[in-house]
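Let's take a look at a protein model together. Have the sequence and the 3D view at hand, and follow along as we go.

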Amino acid sequence: MRYARSIEERLEVPAGQRRPLGYYLLEAGALLPSQLLDGLEEQSVYGSRLGEILVRNGWVAEFDIERALEKQKATVPG
């Protein structure tokens, strides 16, 4: 059941909502899809912030999270 939902399904957002952090990390090439799915699974179990999980596991640097969050904020529909 680990990857029951594809990466595309996990990154889908309704019109008018911001894209998730993982979308921007994948787009930048800072993260592999399998790492994102593992991070999202860990998040669903423990409830930590995704960025914290990804950094703690050594999959991305804090700088990557900051850049992705800046891009996410800049592209919020509205």
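How many aromatic pairs does the structure hold? The structure holds one. The rings of Y23 and Y24 have their centres 5.1 Å apart and their planes at 90°, so this pair is edge-to-face. For the rule behind that label, rings of Phe, Tyr and Trp (its six-membered ring) pair if their centres lie within 6.5 Å, and planes under 30 degrees apart count as stacked, over 60 as edge-to-face and the rest as tilted.

Before going on, a word on where this comes from. This is a predicted model, in which local features need pLDDT of at least 70 and side-chain atom pairs count only at pLDDT 80 or more, while totals for chains, interfaces and linings use all residues. Residues are numbered from 1 along each chain as its sequence is written, and side-chain values use heavy atoms, with hydrogens and water left out.

Back to Y23, which has a charged neighbour: R19 lies over the face of its ring, 4.3 Å from the ring centre. That label needs NZ of Lys or CZ of Arg within 6 Å of the ring centre and within 35 degrees of the ring normal.

Now zoom out. The protein chain has five helices and zero strands, running α-α-α-α-α from the N terminus on. Helices (H or I, at least four residues) and strands (E, at least two) are DSSP runs, numbered from the N terminus. Of the 78 residues in the chain, 28% count as buried. Buried means under 20% relative accessible area, exposed over 50%, and partly exposed in between (1.4 Å probe, protein chains only).

| Residue | Relative accessibility | Class |
|---|---|---|
| Y23 | 23% | partly exposed |
| Y24 | 7% | buried |
| L32 | 49% | partly exposed |
| G39 | 0% | buried |
| K71 | 41% | partly exposed |

Let's pick up some of these. K71 lies in helix 5 and touches Y24 and E27, not counting residues up to four places away in sequence. A contact here means heavy atoms within 4.5 Å. K71 and Y24 are 47 residues apart along the chain, yet their C-alpha atoms are separated by 7.4 Å. For the chain overall, residues 24 or more positions apart account for 53% of the contacts with a separation of 6 or more.

G39 sits in helix 3. Leaving aside its neighbours within four places in sequence, G39 is in contact with L50, I53, L54 and W59.

L32 is in the loop between helix 2 (21-27) and helix 3 (33-46). From L32 to V60 is 28 residues in sequence and 9.8 Å in space, C-alpha to C-alpha.

Which residues touch the most other members of the largest nonpolar core? They are L25, L31, L36, L54 and I65, out of 14 residues in that core. Helix 1 (7-11), helix 2, helix 3, helix 4 (50-56) and helix 5 (62-74) are the elements that give two or more residues to this core. A nonpolar core is a set of buried Ala, Val, Leu, Ile, Met, Phe, Trp, Tyr and Cys residues joined through side-chain atoms within 4.5 Å. Not counting residues up to four places away in sequence, L31 touches L25, L26, L36, L54, W59 and V60.

The largest pocket is lined by 16 residues, and L21, R49, L50, G51 and L69 lie nearest its centre. A pocket, on a 1 Å grid over the protein atoms alone, is an open set of points where a 1.4 Å probe fits, with protein on both sides within 12 Å along at least five of seven lines; lining residues have an atom within 4 Å of a point. About 310 Å³ of space lies in this largest pocket, the volume being the space filled by probe spheres set on the points.
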